[in-house]
Amino acid sequence: MTALTMCLALAPTATAAGTAAAHAVAKLSAFRSLPIDRASPRFAERHDPADESALAALFGAATVDKFPEDDDDEADVIDPRMMFLDPTQWKEQDHYFVLGLQDARFRATDAEIKTAYRRRVLQYHPDKLQASAAPGATDLDATFKCIQKAHEVLSDPVKRMQYDSVDPAIDFTIPSDAEIKSWIASDGPDAIYSHLAPIFAREARFSKRQPVPSLGDAHSDRAAVENFYSFWYAFDSWRSFEYLDKDDAETAENRDHKRHLEKKNKADRARRKTEDTARVRTLVDLALKHDARMKRFKEEDKLAKKMKKQQAARGGSATATPAAPPTPEPAAPAAVEPAADQVAAAAADKDRKAAVKRERKAIKHLVTRDANYLLPAAATPSADDMTRELECVHKRLAAALAKDSPKLRANVKAAFDAECERTAAAREQDRTAAASTSAAPAAALPTSKVVPWSAKELQMLIAGVNAIPGGTVARWEKIAEYVAEHSDNPKVRRTADVIAMAKRVQGRPASAVAGKALQALQAHTKKHNDDVLCADAPTLRDEAYERVGTAPPTPAAAPASAAAATAAATWSLAQQEQLQKALRAYPPSYKEADRFDKIAGMVEGKSKKECMARIKYLAEQVKLKKLQQQQQAAQQGGK
């Protein structure tokens with residue numbers, strides 16, 4: 001070191017400028033002798049390039065950079081693998097290895113990441129690598145870019161969490177059932193605790209809830225073991241899989257393309273999340289399956305339950321049997337005998353219920369398997385046949401069964417055979433009646449020998465079939481009741497008669513189905529009112545109508561009801577058009593209670609009751625029109 005002394009001498013002058021300069025120089029501080037240090041590390045004279053005590057003395061310690069200390073000159077060693085990194089494949093690289101933190105990995109702190117980054121920057125800077133470039137490494141900036149990308153990912157908490165979720169250096173596989181069995185076979189049943197504990201510890205760091213209970217060992221108490229499995233069966237992981245997105249939504253060409261990529265990435269993440277949850281659940285299931293502690297706890301529970309039951313049986317009998325406090329010994333034998341009787345009675349009751357269950361199953365098979373639902377062997381029963389016949393058989397057999405006794409199978413079989421014979425006779429009678437009806441078309445209906453079918457009954461039969469859909473429980477009994485309630489014949493017809501008539505109406509010409517009754521019904525539908533014209537095509541859903549008939553002058557073609565005839569005769573064309581507009585404005589989908597009030601408000605001179613009667617009348621006419629078209633189509637098909 002040398003010391004330099006600076007001396008300044010001013011020449012005296014008499015001018016004004018000289019006087020001002022003298023005053024300016026006079027304000028300078030006193031001269032000092034300062035040491036001058038060659039601070040640049042490029043000079044060989046400097047013995048310790050890292051020693052910056054002189055700069056610290058001049059400008060303060062805050063201005064001096066503290067370089068990390070390297071052990072054994074590791075910072076000067078160039079790793080050949082670092083020279084062949086590709087910045088375009090930055091997602092495939094190990095960021096912890098790039099920064100030299102491959103040993104610490106997720107345990108590395110933010111300060112350690114920052115220090116490692118600065119060390120790598122000094123070590124692999126392109127200017128420094130220019131002289132000592134490895135053979136084949138042409139792009140010296142590639143390594144530097146990869147270091148910057150690694151620091152960008154690991155210094156951001158969100159990006160680091162995403163990378164740690166899929167860290168390629170961590171093995172996320174779980175042992176199979178065969179591997180666990182091999183551990184138990186070689187090292188004993190307690191070996192699974194030492195083998196599975198590191199695996200659960202590996203998964204525990206992804207839990208949102210901390211701390212995580214440990215697996216324990218063979219001597220863990222029951223509360224700890226149950227707490228462990230309760231926690232892991234409700235395991236909530238923070239693992240996310242955004243880092244594995246194949247497509248970057250930020251590079252999309254437009255908004256639609258960006259939405260498409262985001263939707264695709266979201267689906268992939270959800271799939272991976274589901275697979276990871278299933279993987280953890282499989283691990284817990286395997287641990288529970290082979291955990292000897294849980295098997296021991298179950299055995300203890302069974303034993304305790306058995307002891308409690310025996311104690312309750314002994315205690316109940318002892319309280320029921322009075323005994324003197326000084327001599328309780330004689331009451332002990334009396335307590336055991338009632339307990340044995342109770343156990344025997346419970347076992348007998350259990351056997352009786354099992355026998356009743358078998359008998360009921362056997363009775364059911366009589367109908368379903370043996371008798372084919374009371375149909376011919378080659379026939380395939382429909383849903384209606386199954387429901388109808390099973391209900392009939394159930395009613396017949398209910399009287400034959402007495403309090404779940406399994407000893408009455410003979411009585412049940414006899415009642416069932418009687419029901420089969422009755423059904424076969426009824427079916428043969430219907431077949432004979434149908435044949436006679438086809439031979440004599442003009443004759444009255446043969447299936448109802450007491451009261452023939454009237455036009456009103458046929459009309460209500462069609463309405464009932466449409467109103468009560470197939471699959472309804474006791475459908476044909478309900479249809480028979482519906483016909484009796486809404487027709488002029490209050491007597492409920494037999495279910496077989498109703499079914500036979502419905503089949504004939506649907507599948508045969510009018511002359512061969514109902515004779516004079518159906519012909520009179522069709523004659524009534526041919527009468528039309530020239531003053532009423534509905535422009536819309538008739539359908540049952542939107543309640544639009546065709547041309548409809550009014551009351552005919554002859555009694556044979558009278559309307560279905562006096563109210564309907566009155567409604568048909570007193571409506572004008574303008575009122576009919578207003579009604580159609582009202583029905584369009586308030587269709588059946590309008591579920592409010594004031595629907596018909598609003599409809600009546602749109603029709604001049606008509607009340608709510610009259611509008612409802614008119615709608616009902618038009619609906620009946622539409623149904624009759626469709627029936628007539630079906631009969632005409634059937635006649636053409638017969639020809």
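K608 lies in helix α24, which spans residues 608-638. Helices here are DSSP runs of H or I with at least four residues, strands are E runs of at least two, and both are numbered from the N terminus. K608 has 36% relative accessibility, so the residue counts as partly exposed. Buried means under 20% relative accessible area, exposed means over 50%, and partly exposed falls in between (1.4 Å probe, protein chains only).

Leaving aside residues up to four places away in sequence, K608 touches F596, D597 and A600. Contact means heavy atoms within 4.5 Å. R595 is 13 residues from K608 in sequence, and their C-alpha atoms are 9.8 Å apart.

## Basis and overall make-up

This is a predicted model, in which local features need pLDDT of at least 70 and side-chain atom pairs count only at pLDDT 80 or more, while totals for chains, interfaces and linings use all residues. Residues are numbered from 1 along each chain as its sequence is written, and side-chain values use heavy atoms, with hydrogens and water left out.

The protein chain has 24 helices and zero strands. Of its 639 residues, 34% count as buried. Among contacts with a separation of 6 or more, 64% come from residues 24 or more positions apart.

## Helices α8 and α11

Helix α8 (residues 177-187) meets helix α11 (residues 255-290), with axes that come within 11 Å and cross at roughly 35°. The axes are lines fitted to C-alpha atoms, for helices over the stretch in contact, and angles run from 0 to 180 degrees between N-to-C directions.

On α8, the contact uses D177, I180, K181 and I184. On α11, it uses L286, K289 and H290. These residues divide into three nonpolar, one polar and three charged. Ala, Val, Leu, Ile, Met, Phe, Trp, Tyr, Cys and Pro count as nonpolar, Asp, Glu, Lys and Arg as charged, and the others, Gly among them, as polar.

## Aromatic pairs

The structure holds 13 aromatic pairs. Rings of Phe, Tyr and Trp (its six-membered ring) pair if their centres lie within 6.5 Å; planes under 30 degrees apart count as stacked, over 60 as edge-to-face and the rest as tilted. F172 and F206 have ring centres 5.8 Å apart and planes at 40°, so this pair is tilted. F172 sits in the loop between α7 (157-165) and α8, and F206 in the loop between α9 (191-204) and α10 (222-233), so the pair ties together parts 34 residues apart in sequence. F172 is buried at 15% relative accessibility. F206 is buried at 0%.

The rings of F231 and F235 have centres 6.5 Å apart and planes at 70°, so the pair is edge-to-face. Both F231 and F235 are buried.

## Backbone features

A cis peptide bond joins Q210 and P211, with omega about 0°. P211 lies in the loop between α9 and α10.

R105 is a residue other than glycine with positive phi, near 55°. R105 lies in the loop between α3 (95-98) and α4 (110-123). R105 is buried, at 10% relative accessibility. A474 also has phi near 55°. The place of A474 is the loop between α16 (455-467) and α17 (475-486). A474 is buried, with a relative accessible area of 19%.
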